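The following paragraphs lead the reader through a predicted model.

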Amino acid sequence: MTDRARLVVLFLTVVLLGGVSVGWVRYASERGALRDRQQQDGPPVAAGRVTLAGTGAGSPRQQRLVFRNMLWGPQRDELVSVAASAPSGPRTASDVRCLRFYAAAGTGICLQRLPGTLEERYRAVVLDADLREQRHFPLDGIPTRARVSPSGRMVAWTVFVSGDSYAGTQFSTRASILDTRTWTLQQSLEDYQVIMDGKAYRGADVNFWGVTFADDDHFYATLATRGKTYLVRGDVRARTVTTLRENVECPSLSPDGTRLAFKKRVPEASADAPWREYVLDLRDMRETPLGEHRSVDDQAVWLDNSTLVYALAGDYGSDLWTIPADGTGSPTRLTTAALAPAVIG
Amino acid sequence: MYLADAYTVPTSAGPGTDPGQQAAAPAARVTPRAVARALPRTVLVLGTVSLLTDVSAEMVTAVLPLYLVAELGLSPLGFGLLDGIYNGFSTLVRLVGGHLADRGGRHKAVAAVGYGLSALCKPALLLAHGVASIGVVLAADRTGKGLRTAPRDAMISLASSAETQGRSFGIHRAMDTAGALLGPIIAFFVMRAAVDGFDALFMVSFCIAMTGVAVLLLFAPGRGHTTDAPGRGHATAGADAAGNAASAPVEDAPASRAREEATVSARAAFGLLRRPDLRWLALCALLLGLATVSDSFLYLMLQRDLAMPREWFPLLPVATAGTFLLLAVPFGQAADRFGRWRVFLAGHVGLLVAYGLLLVPVSDAALLAVVLVLHGAFYAATDGVLMADAAVSVPAQLRSSGLALVQTAQGSARFACSLLFGAAWSAWGDRAALASATVALAVCVTLGAVARPLRALGTAASRGATT
């Protein structure tokens, strides 16, 4: 082949591949525009007032759910409110966008993505009952879990931190705890003293995720080291965590404080979907597998003392499902196109 | 371009033709001085291929964490655990790739398979949805990288004369780094144009990588004429004259083929380690690699020391890469002029100074800039220069295997160092860990200078003078 012929072939290759590239980007951008149009087959969404304050009556009939709306349309990713009695009914949308969200006693935590200049950035925003920003904190990585203590004072979140750009697959997690009364932020639970089997433990590869609060001083979380995960009980003031049990991830404490829902790696599951949802009774440390046989990769939320809600992949990102917490029953879809729910009321 | 074209070796030359024989022909037409200045076309071609491939790879790297977590909803902790296995596997693949390329002079073919495999992995990412399948795709991507590195570097060295090895590798590394810097910028624009457009991004990445493969297939010299620059014979002549069978000149095609396949065996490849020059080089590279702290630790320490705003953190590697890009060519030329091993050691001395500065309890922006410039300069003075130095110690027929050996020694030493350093960091804290790394590096630089005495290395200039 002469050099001229080679150049012609190269030119044609560049034109072809360039055409494919431009075409695909245009297709993706038009598809993006489509997402901004309100989706017709989902529940109606209308802008309105969303509040994190409960009625105080404690009556289930006045309870609401606030979650991230994942329906395509202008309100995608906004926090929306629905009546707990009609979870798939009309959604009232706020103008606050979050990737992850949780709320308790009038305090909300919203983990947001910020359009960055050269890369995505994230921040954690503490919201008051009217969804107004109280303070915000920059995040080191991609948000995954968020929780608020039952009193509304303490806030916790977990992010995925990726290492340097040359080793794109090296990940770790970082869990932070914030006191919203003093605004002191404990950047990383890795600064806590770890007590394993009664002895102080140090490890280079310690990671924490999935904090759930018992009260303003005590919490449960997952610790990972040497390829194993542990349930730990943490003390915010003493800055210690104590391991309790192996193979527990993303614990979630029941409202009455007696049980933990968690995801457990089960050997019979495939490597792609390794978890099953379990409930651990803290009084006798007995585990109960739940009636959900799909892999759950979420930190479940207790709707009440007997029902759990969690997210599973769906057509519009994710759907919310419920299951009885005692191992009976089978999963029911609560609502479509929703993520990160919190019970208000 | 026309100058470079003039050097292309006639295609009638049989495979395995000894480089030394051809040297005289083009040199008769062009003066040796002009020869030294002219850029071998192969270097530009392979530089372009690497540039495109790095754009493609860094585009994906920039968004992969977000894709795995936000789009697929995967819990990415499992990937970290597999990293060690991939690294080990990639090392093995690199040796295999180097060896395969030498058999029958198939550098181009092996490199094309490597580049092609990595290119195909980009759209494959869209088909993989679980931790296991994503892991397989990432492993295949690294296999491609492992396969192509040694044959590509062998082609660069075979296309360059002994006195321009450093410059050729410098040009290649500068183009390569330019691609790495461009990748995230292109990714940003694609992601801005298409909301959640991971599929668009992976397809654009694939198209860019395939363009690189096309450039390689169309313009890189194929079997039998990997060498397109005059004076390349010195590459072997400069090596020890101990009379290794592999460096003996071969005359005509059929006979040479038989001889070559006899000598280019796995045993011959490892037999390279019997050559004192290469053995010492591999050993010293290994030694110095053991004291080279991985970039991420360095950046982490800079960030902590200077209480830098988090948003700036991604700019640290950019500063290092920018310096690398600017200095790669001048340092490569300096290596040709003043001795490659000297420049290689000088780069490590620069790194030693950077470590020292990090240990000083002063923190300001000027210090940060100096450390980053030294870090970039370290790469410019070592990355391509090591290959240039290794190239002159290995006969042309075993070039790819020889380079793979040296890369493997350095790569595995660095990996071991990052494990050791991580352990030291958590046991003693960052300062103590860095202090020990500094001492280790000082010892290794001294040993390197003693083990491979600087005076024994004729600079390329003095070698070239025999032309």
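The largest nonpolar core of this predicted model contains 159 residues, and those with the most contacts inside it are F101(A), I109(A), W157(A) and V406(B). Domain 1 (26-226) and domain 2 (272-464) of chain B both contribute residues to this core, so it lies between them. A second, separate core consists of 20 residues, among them Y192(A), A221(A), L223(A) and V236(A).

Chain A has one helix and 27 strands, whereas chain B has 21 helices and zero strands. Of the 345 residues of chain A, 52% count as buried; of the 467 residues of chain B, 58% do. In chain A, 43% of the contacts between residues at least 6 apart in sequence join residues at least 24 apart. For chain B, residues 24 or more positions apart account for 86% of the contacts with a separation of 6 or more. The accessible surface of chain A is about 15600 Å², with 51% belonging to carbon and sulfur atoms. For chain B, the accessible surface is about 17400 Å², and carbon and sulfur atoms hold 69% of it.

V8(A), F11(A), L12(A) and V15(A) form a nonpolar patch on the surface, and together they have about 390 Å² of accessible area. V15(A) belongs to helix α1 (residues 3-35) of chain A. With a relative accessible area of 47%, V15(A) is classed as partly exposed, because that class covers values between the 20% and 50% limits.

Y299(B) is situated in helix α15 (residues 295-306) of chain B and is buried, at a relative accessible area of 2%. Apart from neighbours within four places in sequence, Y299(B) is in contact with F313(B), L316(B), P317(B), T320(B), L372(B) and H375(B). F313(B) is 14 residues from Y299(B) along the chain, and their C-alpha atoms are separated by 7.7 Å.

Charged residues form a further set of links. Side chains of opposite charge can pair when their charged atoms come close. Over all chains, the structure holds 28 salt bridges. In chain A, the side chains of D77(A) and R68(A) meet in one of these, at 3.0 Å from N to O. Both partners are buried: D77(A) has 18% relative accessibility, and R68(A) has a relative accessible area of 9%.

In chain B, D141(B) pairs with K122(B) in a salt bridge whose closest N and O atoms are 3.4 Å apart. This pair links distant parts of the chain, joining D141(B) in helix α8 (residues 131-158) to K122(B) in helix α7 (residues 107-127), 19 residues apart. K122(B) counts as buried, at 4% relative accessibility.

Another salt bridge in chain B connects R173(B) and D383(B), with the closest N and O atoms 2.7 Å apart. Here R173(B) lies in helix α9 (residues 165-193) and D383(B) in helix α18 (residues 365-391), 210 residues apart. R173(B) is buried at a relative accessible area of 7%, while D383(B) is partly exposed at 29%. Elsewhere, salt bridges that share partners join R49(A), D128(A), D130(A) and R132(A) into one network.

Finally, two backbone details in chain A deserve attention. Most residues other than glycine have a negative phi. R226(A), although not a glycine, has a positive phi of about 50°. R226(A) lies in the loop between β16 (218-225) and β17 (228-235) of chain A, and at 64% relative accessibility R226(A) counts as exposed. A340(A), also a residue other than glycine, has a positive phi near 55°. A340(A) is found in strand β27 (residues 338-344) of chain A and counts as buried, at 13% relative accessibility.

Terms used. Residues numbered from 1 in each chain as written. Chains lettered and ligands numbered in written order. Predicted model: local features only at pLDDT ≥ 70, side-chain atom pairs only at ≥ 80, totals over all residues. Heavy atoms only, no water. Helix = DSSP H or I, 4+ residues; strand = E, 2+ residues; numbered from the N terminus. Buried < 20%, exposed > 50% of the residue type's maximum accessible area, 1.4 Å probe, protein only. Contact = heavy atoms within 4.5 Å. Areas by Shrake-Rupley, 256 points an atom, 1.4 Å probe, with all protein chains shown as cover. Patch = residues over 30% accessible without salt bridge, like charges linked within 9 Å, V, L, I, M, F, W, Y side chains within 5 Å. Salt bridge = Lys/Arg side-chain N within 4 Å of Asp/Glu carboxyl O. Core = buried A, V, L, I, M, F, W, Y, C linked by side-chain atoms within 4.5 Å. Domains from an automatic or database assignment.
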